[in-house]
Amino acid sequence: DDRNRRARAQIAAKREPVCPVCKDATWVLNEEAVNIHHSDFGKPHPCPACNAPQQQSDYLWKVCNLSPQERYYTLENWWVTTPDRERAAFEVRDILRQGNGWLTLCGDFGSGKSYLACAIVNAAIDRKVEARYWLMASLLDHLRDAYDPKRDIPYSNLLHDLVDCPVRVIDECHVFNSTPWAGEKFRQLMSERYRRNLESLT
């Protein structure tokens with residue numbers, strides 16, 4: 001189905017850098033500061049190219065992992081038809097307002113968990129905050145690929161995608177085939193996110 005095809009695309013795709021200057025690092029060094037006594041030596045500066053409003057917006061949308069349709073999932077369009085749906089919307093808005101912490105959404109099939117997950121990512125991007133949406137199966141495959149020496153995925157990219165990203169949403173946590181190795185790496189990832197609880201939203 002479409003979700004499985006998108007999951008495979010998340011695994012296989014190798015993103016081309018959006019910014020030609022910093023290669024999506026969002027920071028650059030002063031090329032003239034080659035002497036240790038230079039005031040700018042070793043100091044990163046915001047990339048003048050990708051920190052431009054349009055470039056920044058393009059970058060945030062490209063790395064968020066949402067499909068074109070999911071980019072239209074917003075809290076404003078969330079149907080509050082039951083007390084549970086009203087409470088869920090309140091909790092999502094509250095954690096977005098705080099800007100950090102953990103939120104777990106539970107419910108039956110079709111209750112809107114995935115919609116709200118996408119809405120969180122969209123709300124973060126609207127506020128110019130970097131966010132990632134992951135299906136659990138895709139995230140575990142990404143972990144395996146990043147540790148595979150045959151795959152060209154820098155560890156620093158993995159660290160940013162899964163640990164450093166300010167807002168990370170994981171969907172379909174019950175639909176995946178894990179291995180002891182992947183399970184252990186995922187627990188390490190969760191532990192690191194927990195350590196950074198005050199500066200990230202999961």
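**Salt bridges and their surroundings**

Author: Arg97 forms a salt bridge with Asp94, with the closest N and O atoms 2.5 Å apart; the term stands for a side-chain nitrogen of Lys or Arg within 4 Å of a carboxyl oxygen of Asp or Glu. This is a predicted model, in which local features need pLDDT of at least 70 and side-chain atom pairs count only at pLDDT 80 or more, while totals for chains, interfaces and linings use all residues. Residues are numbered from 1 along each chain as its sequence is written, and side-chain values use heavy atoms, leaving out hydrogens and water.

Reader: Where do Arg97 and Asp94 lie?
Author: Both lie in helix α3, 3 residues apart, about one turn of the helix; helices (H or I, at least four residues) and strands (E, at least two) are DSSP runs, numbered from the N terminus.

Reader: Is Arg97 buried or exposed?
Author: Arg97 counts as exposed, at 61% relative accessibility, whereas Asp94 is buried (buried is under 20% relative accessible area, exposed over 50%, partly exposed in between, with a 1.4 Å probe and protein chains only).

Reader: And which side chain does Glu91 meet in a salt bridge?
Author: That of Arg87, at 2.7 Å, N to O; Glu91 is partly exposed at 22%, and Arg87 is exposed at 52%.

Reader: Switching to β3, how many of its residues are buried?
Author: In strand β3 (residues 131–135), 5 of 5 residues are buried, among them Arg132, which forms a salt bridge with Glu130, and Glu130 is buried too.
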